[in-house]
Amino acid sequence: MQSALRVVHEPDPGLDLAAAERAAGDFLRALGVSLDSESLQGTPGRMARAYAELFTPRSFDLTTFPNDEGYDELVLARSIPVRSVCEHHLLPFTGVAHVGYLPGERILGLSKLARIVEHFACRPQVQERLTKQVAGWLSDQLSPKGVGVVIEAEHTCMTLRGVQATGSSTVTSALLGTLRRDARSRQEFFALAGVNS
(Lines give C-alpha, C1' and ligand atoms only; values in the text may rest on other atoms or scores of the structure.)
Protein backbone atom coordinates (compact mmCIF):
# COMPACT_ATOMS: atom_id res chain seq x y z
CA MET A 1 0.00 0.00 0.00
CA GLN A 2 1.37 3.38 -0.99
CA SER A 3 1.46 6.41 1.24
CA ALA A 4 1.32 9.95 -0.12
CA LEU A 5 1.39 13.42 1.33
CA ARG A 6 -0.41 15.86 -0.99
CA VAL A 7 1.56 19.10 -1.29
CA VAL A 8 -0.97 21.57 -2.68
CA HIS A 9 -0.38 25.18 -3.52
CA GLU A 10 -3.55 27.21 -3.25
CA PRO A 11 -3.65 30.42 -5.27
CA ASP A 12 -2.21 33.19 -3.14
CA PRO A 13 -5.10 35.46 -2.10
CA GLY A 14 -2.63 38.36 -2.22
CA LEU A 15 -1.78 37.69 -5.88
CA ASP A 16 -3.00 40.66 -7.93
CA LEU A 17 -1.70 40.41 -11.50
CA ALA A 18 -3.34 43.69 -12.55
CA ALA A 19 -1.58 45.58 -9.75
CA ALA A 20 1.69 43.78 -10.55
CA GLU A 21 1.35 44.80 -14.21
CA ARG A 22 0.77 48.45 -13.26
CA ALA A 23 3.74 48.34 -10.89
CA ALA A 24 5.95 46.74 -13.57
CA GLY A 25 5.00 49.52 -15.99
CA ASP A 26 5.76 52.19 -13.39
CA PHE A 27 9.07 50.47 -12.58
CA LEU A 28 10.18 50.37 -16.22
CA ARG A 29 9.14 53.97 -16.87
CA ALA A 30 10.96 55.09 -13.69
CA LEU A 31 14.11 53.54 -15.16
CA GLY A 32 13.64 55.51 -18.38
CA VAL A 33 12.28 52.63 -20.49
CA SER A 34 9.64 53.88 -22.91
CA LEU A 35 6.74 51.48 -23.33
CA ASP A 36 5.45 53.21 -26.47
CA SER A 37 6.74 50.73 -29.04
CA GLU A 38 4.58 47.82 -30.10
CA SER A 39 7.09 45.28 -28.79
CA LEU A 40 7.25 46.87 -25.31
CA GLN A 41 3.58 47.72 -24.75
CA GLY A 42 2.79 44.26 -23.38
CA THR A 43 6.01 43.93 -21.40
CA PRO A 44 4.59 44.94 -17.97
CA GLY A 45 1.94 42.21 -18.25
CA ARG A 46 4.43 39.63 -19.43
CA MET A 47 6.78 40.64 -16.61
CA ALA A 48 4.03 40.27 -13.99
CA ARG A 49 2.96 36.85 -15.32
CA ALA A 50 6.58 35.66 -15.52
CA TYR A 51 7.29 36.50 -11.88
CA ALA A 52 3.96 34.98 -10.80
CA GLU A 53 5.00 31.77 -12.56
CA LEU A 54 8.47 31.83 -10.99
CA PHE A 55 6.93 32.17 -7.53
CA THR A 56 4.24 29.45 -7.90
CA PRO A 57 5.34 25.81 -7.52
CA ARG A 58 3.21 23.01 -8.92
CA SER A 59 1.25 20.78 -6.54
CA PHE A 60 2.43 17.19 -6.15
CA ASP A 61 1.99 14.02 -4.13
CA LEU A 62 4.99 13.08 -1.99
CA THR A 63 4.64 9.36 -2.71
CA THR A 64 6.50 6.90 -0.50
CA PHE A 65 6.59 3.10 -0.53
CA PRO A 66 7.57 0.47 2.04
CA ASN A 67 11.26 -0.42 1.89
CA ASP A 68 10.36 -4.13 1.64
CA GLU A 69 13.81 -5.19 0.47
CA GLY A 70 15.54 -3.37 3.31
CA TYR A 71 17.59 -1.33 0.84
CA ASP A 72 20.20 0.51 2.91
CA GLU A 73 22.49 2.07 0.30
CA LEU A 74 22.45 5.59 -1.05
CA VAL A 75 19.65 6.72 -3.38
CA LEU A 76 20.79 9.75 -5.36
CA ALA A 77 19.24 11.91 -8.07
CA ARG A 78 21.92 13.99 -9.81
CA SER A 79 21.67 17.15 -11.84
CA ILE A 80 18.10 18.10 -10.94
CA PRO A 81 17.50 21.48 -12.64
CA VAL A 82 17.21 24.40 -10.21
CA ARG A 83 15.77 27.79 -11.06
CA SER A 84 15.04 30.40 -8.48
CA VAL A 85 15.20 34.14 -7.90
CA CYS A 86 17.70 35.83 -5.61
CA GLU A 87 15.74 37.57 -2.86
CA HIS A 88 18.23 40.45 -2.74
CA HIS A 89 18.02 41.60 -6.39
CA LEU A 90 15.11 39.54 -7.80
CA LEU A 91 17.45 38.25 -10.50
CA PRO A 92 17.45 34.56 -11.44
CA PHE A 93 19.90 31.93 -10.35
CA THR A 94 20.03 28.59 -12.13
CA GLY A 95 21.95 25.38 -11.75
CA VAL A 96 21.60 21.81 -10.58
CA ALA A 97 20.86 19.99 -7.35
CA HIS A 98 22.16 16.59 -6.31
CA VAL A 99 19.81 15.09 -3.72
CA GLY A 100 20.33 11.78 -1.96
CA TYR A 101 19.19 9.83 1.07
CA LEU A 102 19.88 6.61 2.95
CA PRO A 103 16.47 4.90 3.24
CA GLY A 104 14.83 3.99 6.49
CA GLU A 105 11.50 2.17 6.54
CA ARG A 106 10.18 3.92 3.42
CA ILE A 107 11.53 4.86 0.01
CA LEU A 108 10.49 7.82 -2.10
CA GLY A 109 9.18 7.98 -5.66
CA LEU A 110 12.26 9.26 -7.51
CA SER A 111 10.55 12.10 -9.38
CA LYS A 112 9.60 13.56 -6.00
CA LEU A 113 13.19 14.57 -5.33
CA ALA A 114 12.92 17.01 -8.24
CA ARG A 115 9.47 18.15 -7.07
CA ILE A 116 10.82 18.95 -3.60
CA VAL A 117 13.63 21.05 -5.09
CA GLU A 118 11.09 22.96 -7.21
CA HIS A 119 8.78 23.40 -4.22
CA PHE A 120 11.39 25.35 -2.27
CA ALA A 121 12.98 27.10 -5.26
CA CYS A 122 9.73 28.78 -6.38
CA ARG A 123 10.02 31.88 -4.23
CA PRO A 124 12.56 34.61 -3.60
CA GLN A 125 15.45 32.62 -2.13
CA VAL A 126 19.06 32.44 -1.08
CA GLN A 127 20.91 29.29 -2.10
CA GLU A 128 22.04 28.48 1.43
CA ARG A 129 18.46 28.43 2.76
CA LEU A 130 17.19 26.49 -0.27
CA THR A 131 19.79 23.77 0.32
CA LYS A 132 18.88 23.42 4.00
CA GLN A 133 15.12 23.49 3.31
CA VAL A 134 15.30 20.60 0.83
CA ALA A 135 17.42 18.51 3.22
CA GLY A 136 15.32 19.33 6.28
CA TRP A 137 12.00 18.65 4.59
CA LEU A 138 13.18 15.28 3.26
CA SER A 139 14.43 14.36 6.71
CA ASP A 140 11.16 15.40 8.38
CA GLN A 141 8.84 13.71 5.85
CA LEU A 142 10.78 10.53 5.08
CA SER A 143 12.71 9.81 8.33
CA PRO A 144 15.69 8.41 6.41
CA LYS A 145 19.00 7.40 7.99
CA GLY A 146 20.70 10.28 6.23
CA VAL A 147 20.14 13.08 3.69
CA GLY A 148 22.56 14.91 1.44
CA VAL A 149 21.89 17.92 -0.79
CA VAL A 150 24.38 19.79 -2.95
CA ILE A 151 23.33 22.73 -5.11
CA GLU A 152 25.59 24.28 -7.75
CA ALA A 153 24.22 27.49 -9.29
CA GLU A 154 25.14 30.57 -11.25
CA HIS A 155 23.71 33.77 -9.80
CA THR A 156 22.99 36.49 -12.35
CA CYS A 157 23.07 39.05 -9.53
CA MET A 158 26.79 38.27 -9.45
CA THR A 159 27.54 37.50 -13.11
CA LEU A 160 25.50 40.22 -14.89
CA ARG A 161 25.90 43.12 -12.47
CA GLY A 162 28.17 44.28 -9.67
CA VAL A 163 31.38 42.27 -9.80
CA GLN A 164 30.35 40.71 -13.18
CA ALA A 165 32.08 37.44 -12.36
CA THR A 166 30.99 35.67 -15.54
CA GLY A 167 31.19 31.89 -15.35
CA SER A 168 31.41 31.71 -11.56
CA SER A 169 29.20 29.31 -9.64
CA THR A 170 28.25 28.86 -6.01
CA VAL A 171 28.17 25.45 -4.33
CA THR A 172 26.26 24.78 -1.11
CA SER A 173 25.70 21.52 0.77
CA ALA A 174 23.58 20.20 3.61
CA LEU A 175 24.21 16.81 5.21
CA LEU A 176 22.04 15.20 7.88
CA GLY A 177 22.17 11.97 9.86
CA THR A 178 24.65 9.30 8.77
CA LEU A 179 25.82 11.38 5.80
CA ARG A 180 26.98 14.03 8.23
CA ARG A 181 28.37 11.78 10.97
CA ASP A 182 30.07 9.03 8.96
CA ALA A 183 33.08 10.11 6.87
CA ARG A 184 32.83 7.13 4.47
CA SER A 185 29.12 7.72 3.78
CA ARG A 186 29.76 11.42 3.32
CA GLN A 187 32.61 10.71 0.87
CA GLU A 188 30.43 8.25 -1.08
CA PHE A 189 27.67 10.85 -1.40
CA PHE A 190 30.05 13.53 -2.69
CA ALA A 191 31.74 11.06 -5.06
CA LEU A 192 28.46 9.83 -6.56
CA ALA A 193 27.20 13.42 -6.81
CA GLY A 194 30.36 14.28 -8.74
CA VAL A 195 31.43 16.90 -6.22
CA ASN A 196 34.97 17.05 -4.88
CA SER A 197 34.75 17.18 -1.10
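Mentor: What follows describes the annotated site and then turns to the nonpolar cores. Please keep in mind that this is a predicted model. An unreviewed UniProt entry carries the annotation "binding site" for C86, H89 and C157. These residues are spread over 72 residues of sequence, yet they cluster in space, with a largest C-alpha distance of 7.4 Å.

Consider H89 to begin with. H89 sits in the loop that links β3 (75-86) with β4 (92-102). Its relative accessibility is 38%, so H89 counts as partly exposed. Setting aside residues up to four places away in sequence, H89 touches C157 and R161.

C157 belongs to helix α6, which spans residues 156-159. C157 has a relative accessible area of 12%; because buried means under 20%, C157 is classed as buried. Beyond its neighbours within four places in sequence, C157 is in contact with C86, H89 and L91.

Let us now turn to the nonpolar cores. The largest nonpolar core has 29 residues, and those with the most contacts inside it are V99, L108, I116, L130, V134 and L138. At least two residues of this core come from each of β2 (60-66), β3, β4, α4 (111-121), α5 (127-142) and β7 (146-155). The most is given by α5, with six residues. As for V134, its contacts, apart from neighbours within four places in sequence, are V99, I116, V117, F120 and V149. A second, separate core of nine residues includes L74, V150, L179 and F190. In soluble globular proteins, nonpolar side chains tend to be buried together.

Notes: Residues numbered from 1 in each chain as written. Predicted model: local features only at pLDDT ≥ 70, side-chain atom pairs only at ≥ 80, totals over all residues. Heavy atoms only, no water. UniProt positions renumbered as here; feature names shortened; annotations may be inferred. Helix = DSSP H or I, 4+ residues; strand = E, 2+ residues; numbered from the N terminus. Buried < 20%, exposed > 50% of the residue type's maximum accessible area, 1.4 Å probe, protein only. Contact = heavy atoms within 4.5 Å. Core = buried A, V, L, I, M, F, W, Y, C linked by side-chain atoms within 4.5 Å.
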